[in-house]
Amino acid sequence: MALAYISHPDCMLHDMGRHHPERPARLAAINDRLIASGLELALHHYNAPLIERSVLEAVHDPEYIADIWARAPAEGLVWLDGDTAMNKHSLKAALRAAGAVVMGVDLVMAGQAGKVFCGVRPPGHHAEHNKAMGFCFFSNVAVGAYHAINSHGLKRVAIVDFDVHHGNGTEDIVAGDERLLFCSTFQHPFYPNRGFDCRAANVVNAPLPAGADGREFRQAVTERWLPRLAEFAPELILVSAGFDAHQADDMAGLNLVDSDYAWVTRRLCEQAQASAEGRIVSALEGGYELHALARSVEAHLKAFLGD
Ligand SMILES: [Zn+2]
């Protein structure tokens, strides 16, 4: 089954300033690596559409969405929190980032792709129901999950998140909704330090201490995620694919390596094969050391192809 890669040139135009780590060069590094590795030839490329506002409104507060529209600048930067800014291209980039995940869901549900990777920015997993934060505007994967439920009639959708930061935004949106299972590994204590103690039955938070490596990560996935995923039997798996837990990434203090991302991807492929007809839609979240990011995405996509 085809592996789709969804992106858009607008995602390169969202720029929060020269020294901001969440920068256009991240996507350029991934693109370069895909070409150099030859993996590019195996991908089916799609341009991300602008998401329809009504689809966003199924997940985010309509007043919050209107506020994002209203604050989008014609020139310069507008800061929404201490580290999240909009330039004149940011709104379109954010609409395409969420639109990519929705398109990915449509592709796998139509059988036009088995696996999808959305090489998009801004990321999404910190964006809450009515709050932009942590470089994120809209909760791309949660939007995709609710699209799968509302438009495709799915009854069980899993979201897994291996970004080094806790996906507080995804959790804020899905906690308590038993149609969704949210499994997350993250460094703790660490940013964003909210929601990590969530008690909702459909949230599986597996915190890892600073310094944890692939052995501890794999143990957390094996013991905490996989049994819950098997029991839930998702009809679709969405992935918040952040690669900032890599040991080369100094954004945080975990020590994963490329092969850990391949390993977790294979485990997700196995679950998808068991309950979801192989369907996985993965979306880029963090990952700021460009070489490690690009290699880790390559490992992630190669594991998809090996499925
Ligand atoms: Zn992160």
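This is a predicted model: local features need pLDDT of at least 70, side-chain atom pairs count only at pLDDT 80 or more; totals for chains, interfaces and linings use all residues.
Local features were taken only where pLDDT is at least 70, and side-chain atom pairs count only at pLDDT 80 or more, whereas totals for chains, interfaces and linings use all residues. Residues are numbered from 1 along each chain as its sequence is written, and side-chain values use heavy atoms, with hydrogens and water left out. Helices (H or I, at least four residues) and strands (E, at least two) are DSSP runs, numbered from the N terminus.

A cavity is a set of points where a 1.4 Å probe fits but cannot get out, and a pocket is an open set with protein on both sides within 12 Å along at least five of seven lines. Grid points are joined across faces, edges and corners, and a volume is the space filled by probe spheres set on the points. The largest pocket holds about 180 Å³ of space. Two or more lining residues come from each of β1 (3–7), α1 (25–37) and β2 (43–47), and β2 gives the most, with 3 residues. The lining (residues with an atom within 4 Å of a point) consists of Tyr 5, Ser 7, His 8, Pro 9, Met 12, Leu 27, Asn 31, His 45, Tyr 46, Asn 47 and Gly 119. By class, 5 of the lining residues are nonpolar, 6 are polar and none is charged. In this scheme Ala, Val, Leu, Ile, Met, Phe, Trp, Tyr, Cys and Pro count as nonpolar, Asp, Glu, Lys and Arg as charged, and the others, Gly among them, as polar.

A nonpolar core is a set of buried Ala, Val, Leu, Ile, Met, Phe, Trp, Tyr and Cys residues joined through side-chain atoms within 4.5 Å. Buried means under 20% relative accessible area, exposed over 50%, and partly exposed in between (1.4 Å probe, protein chains only). The largest such core has 96 residues, and Phe 138, Trp 225 and Leu 301 have the most contacts inside it. Helix α4 (residues 90–109) gives the most to this core, with 11 residues. Contact means heavy atoms within 4.5 Å. When residues up to four places away in sequence are not counted, Leu 301 touches Leu 3, Tyr 5, Leu 34, Leu 39, Leu 43 and Phe 117. Tyr 5 is also among the residues that line the largest pocket.

The whole structure contains 6 aromatic pairs. Rings of Phe, Tyr and Trp (its six-membered ring) pair if their centres lie within 6.5 Å; planes under 30 degrees apart count as stacked, over 60 as edge-to-face and the rest as tilted. The pair of Phe 135 and Tyr 288 is edge-to-face, because the ring centres are 5.9 Å apart and the planes lie at 85°. Phe 135 is in the loop between β5 (115–118) and α5 (140–152), and Tyr 288 is in the loop between β10 (280–284) and α9 (290–306), so the pair ties together parts that are 153 residues apart in sequence. Both Phe 135 and Tyr 288 are buried; the relative accessibility of Phe 135 is 11%. Ring pairs also link Phe 162, Phe 243 and Tyr 261 into a cluster.

Most residues other than glycine have a negative phi, and most peptide bonds are trans. Phe 135 has a positive phi, near 75°. Ala 233 also has a positive phi, near 50°; Ala 233 lies in the loop between α7 (214–232) and β9 (236–241) and is partly exposed at 23% relative accessibility. The peptide bond from Arg 121 to Pro 122 is cis, with omega near 5°, and Pro 122 lies in the loop between β5 and α5. Another cis bond joins Tyr 191 and Pro 192, with omega about 5°; Pro 192 is in the loop between β7 (180–187) and β8 (203–208).

His 165 lies in the loop between β6 (157–161) and α6 (168–174) and is buried, with a relative accessible area of 7%. Thr 170, in helix α6, is buried at 0% relative accessibility. With neighbours within four places again left aside, Thr 170 is in contact with His 125, Ala 127, Ser 139, Val 141, Ile 159 and Phe 182.

Conventions:
On a 1 Å grid over the protein atoms alone, a cavity is a set of points where a 1.4 Å probe fits but cannot get out, and a pocket is an open set with protein on both sides within 12 Å along at least five of seven lines; lining residues have an atom within 4 Å of a point.
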